[in-house]
Amino acid sequence: MLAVCAKEPGLDSKVDERFGRAEYYVIFDEAKNMPQSIENKAKFEAGGAGGTAVRLLNENGVDVLLAPELGPKAMDAIKAFEMTVYRYTEQKTVRETIEDYKAGKLSKIDTSTTPSKHGLRKV
Amino acid sequence: MRIAILSGKGGTGKTTVATNLLSVSDNGVLIDTDVEEPNSHLFLKPQIHHSEAIKKRYPIVDETLCNLCGACGDFCRFNAILPAKKQVLVFKELCHDCGGCQMVCPQGAIQYKERSIGMVHTGKTDTNQVMHYGELIVGEISGVPIIERLHQITKDEDLVFIDSPPGTACSTVAAIESADYAIIVAEPTPFGVSDMKMVVELLRNLHIPMGVVVNKDGLGDDEIYRYCETESVHILGRIPFKKEYARHYAGGTLISKVDEEYRKNLTGILAQVIGRKEGV
Amino acid sequence: MKTKEIAVISGKGGTGKTSLVASMMPYFDNVVLADCDVDAPDLHILLKEEDIVEEDFIGLQRPVLDEDKCILCGKCAESCNFNAISDDIEFRLSKCEGCGVCEMVCPVDAISMQDYVVGKIYTSVTDQGEMVRARLIPGEETSGRLVAEVRKKAKETAQAKGREWILIDGSPGIACNVISSITGVSKVILVIEPTVSGLHDLKRVHELVESFSIESMVVLNKADLSADGAAEIEAYCKAQGLEIALRIPFRESMVEAVVNKMLPPLYDPEFFSGLGFREFTDKLKS
């Protein structure tokens, strides 16, 4: 199953610019061609939203994720849950982003795109 | 006696007052609990003779015992432990060290390890006065364990000056809650009064007697004096705004060492605080 | 329209961060203000606010005790790693980090974790644009999430009203609330005074900004306070390739403006035109 970070529920929502604090995830079953939207409960977390969001997606059977920025903790979690991630950089709709993915226009990523938000270099 | 020096916001002269009070006292010790931005050592210029790392615990999971049941991840409210497909991930910098994951683990697979979150440095000034300052590693979430250690190592001292973190958050509470008296350093501007109100509210909640030192007096207006009168907050002293004070500060010089009038002013403030212990 | 955010931060407090944001406001027409300095939320003092809407901010969950059920066994107090429960089962909530261990260990279900309000978020309309700010209850922790919430509301407002800019008065320090003030912004301004502590703090905060690869520039405030201090900062910036976009000498009129509850450029326009303040804000907009 495929998931896309979205600002609102549904295929016509704009994609969200954040992963861990995305408002919603639109989960798309490619075999059945059926979208389902879930609210991202991890967005309310004070810290570590990324890892918990990955756990939530795993519980919903997601194995492919389309996302914008990804922090190092989220990336570690994605690897530990054996998911694949493709990165989008444009503010399109969920539907258009899925089309881009199917057309092979999104690139696969396996390292985080932003630095750690905690535990930076030592003093 | 433990005297906290605090302010609603940074830059009001808290560190200047704290370090100069130490300088005019005979037997005082200073702890700098502003562990995010410790500055008092820049003025006191101590010779550091002892440094210790402050540790916090985080969980490690024994994979041979873990059955990936997920109980630890369900319990942790800080997202610090994440049971995944074949392993459990630990994000140690998110861990608050509450001990909960170990308690809920049915397999006994969780142990704790220590990691360093910052330092406490101890040194002596050129006049042989002792100071300790804490330093939090950049990006760490909480300096409270460092602040607690600073209190612990000075608990038997007769006179301790606590240079506190600015603001009114929980690190400030940790810094001042054991204080016998609090000196609020405030500027006579609308910003200064607004920030000071929050400090007064906090000190009243904690039942700590307080007095105010108005710093940069003459630069603003008299709203602060009206506020103190209405709220019956004692004014311990006024430090006039002088460009030469600002220059001494900028150069890292202790003003009381080079300016007799300033020294007298601070000595007077300290004598009042020691005398007023039971006030307000 | 894509809204762009500019954050003003300072490492330590009291370097004139809020005064700088207040000075920038008249140069931005189409702007939303986000006061993320939740420890000292002072920007609103200089503005006339109308239509203030107040909302609770739930920071975390904390324990609530059902005294009828409690058998005073002391398990919760014994298990709490934060020393937040006394032997006679009084909660010291200011020490509680909300971990939930007490709820878990209670053998008679007398403790339940419940939403806890740690502050308020205010949205309003001012003569300079819409504004979002927050205030914490004294003793509560500034969380990165509160800052994120203020920024989110500012973004929503900007989008709804078609505003081009968001000016962020950032949190002081270098902890997670500062990080929340700057992630994803287009430019960061570091306000620094030429003092020994100023340089020390600049290094720490610059290190933080660098790690996020955000374009940053320095404003040297009270630049004439110490020639040596200024020279040190100039040297540091030069070595780091960090631009000093503006040097502001000390002027009593800056303080007088605040005392009169006016925005500094409206109080002393000549000083600001002499500084090249418009050129500075134009650079920020480019």
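Me: Which domains is chain B divided into?
Reply: Keep in mind that this is a predicted model. Chain B splits into domain 1, covering 2-46 + 125-275, and domain 2, covering 56-116.

Me: And what distance separates the centres of those two domains of chain B?
Reply: The centres of domain 1 and domain 2 of chain B, taken over C-alpha atoms, are 40 Å apart.

Me: OK, now the neighbours. How many residues of chain B are in contact with chain C?
Reply: On the chain B side there are 44 residues, and they are in contact with 47 residues of chain C.

Me: Which helices of chain B supply at least two residues of that side?
Reply: Helix 4 (100-104), helix 6 (170-176), helix 7 (190-205) and helix 9 (243-250) of chain B each do. Helix 7 of chain B gives the largest share, with 8 residues.

Me: What's that side of chain B like by class?
Reply: The side of chain B that touches chain C has 19 nonpolar, 16 polar and 9 charged residues.

Me: What about chain A and chain B, how many residues are in contact there?
Reply: There, 18 residues of chain A are in contact with 18 residues of chain B. Helix 1 (49-59) and helix 2 (72-80) of chain A are the elements giving two or more residues to the chain A side, and the largest share, 4 residues, is from helix 2 of chain A. By class, that side of chain A divides into 5 nonpolar, 6 polar and 7 charged residues.

Me: Switching topic: what's the mean pLDDT of chain A?
Reply: For chain A the mean is 87, and 91% of its residues reach 70 or more.

Me: Where does pLDDT stay under 50 in chain A?
Reply: That happens over residues 118-123 of chain A, for which the model has 18 contacts beyond four places in sequence. Where pLDDT is low, the predicted coordinates should not be read in detail.

Me: Last topic, chain C. At what angle do helix 6 and helix 7 of chain C pack?
Reply: Helix 6 (residues 196-210) and helix 7 (residues 227-240) of chain C pack at about 20 degrees, with their axes 9 Å apart. Helix 6 and helix 7 of chain C are therefore roughly parallel to each other, and helix 6 of chain C passes helix 7 of chain C in a right-handed crossing.

Me: Which residues make that contact?
Reply: Helix 6 of chain C brings V196(C), G198(C), L199(C), L202(C) and H206(C), while helix 7 of chain C brings G229(C), E232(C), I233(C), Y236(C) and Q240(C). By class, the contact between these helices of chain C has 5 nonpolar, 4 polar and 1 charged residues.

Conventions
Residues are numbered from 1 along each chain as its sequence is written. Chains are lettered from A and ligands numbered from 1 in the order in which they are written. This is a predicted model: local features need pLDDT of at least 70, side-chain atom pairs count only at pLDDT 80 or more; totals for chains, interfaces and linings use all residues. Two residues are in contact if their C-beta atoms, placed from the backbone, lie within 7 Å. Ala, Val, Leu, Ile, Met, Phe, Trp, Tyr, Cys and Pro count as nonpolar, Asp, Glu, Lys and Arg as charged, and the others, Gly among them, as polar. Domain bounds come from an automatic or database domain assignment. pLDDT is the predictor's confidence in each residue, from 0 to 100. Axes are lines fitted to C-alpha atoms, for helices over the stretch in contact, and angles run from 0 to 180 degrees between N-to-C directions. Angles under 35 degrees count as roughly parallel, over 145 as roughly antiparallel, 65 to 115 as roughly perpendicular and the rest as oblique. A crossing is left-handed if the near helix is turned anticlockwise from the far one by less than a right angle, and right-handed if clockwise.
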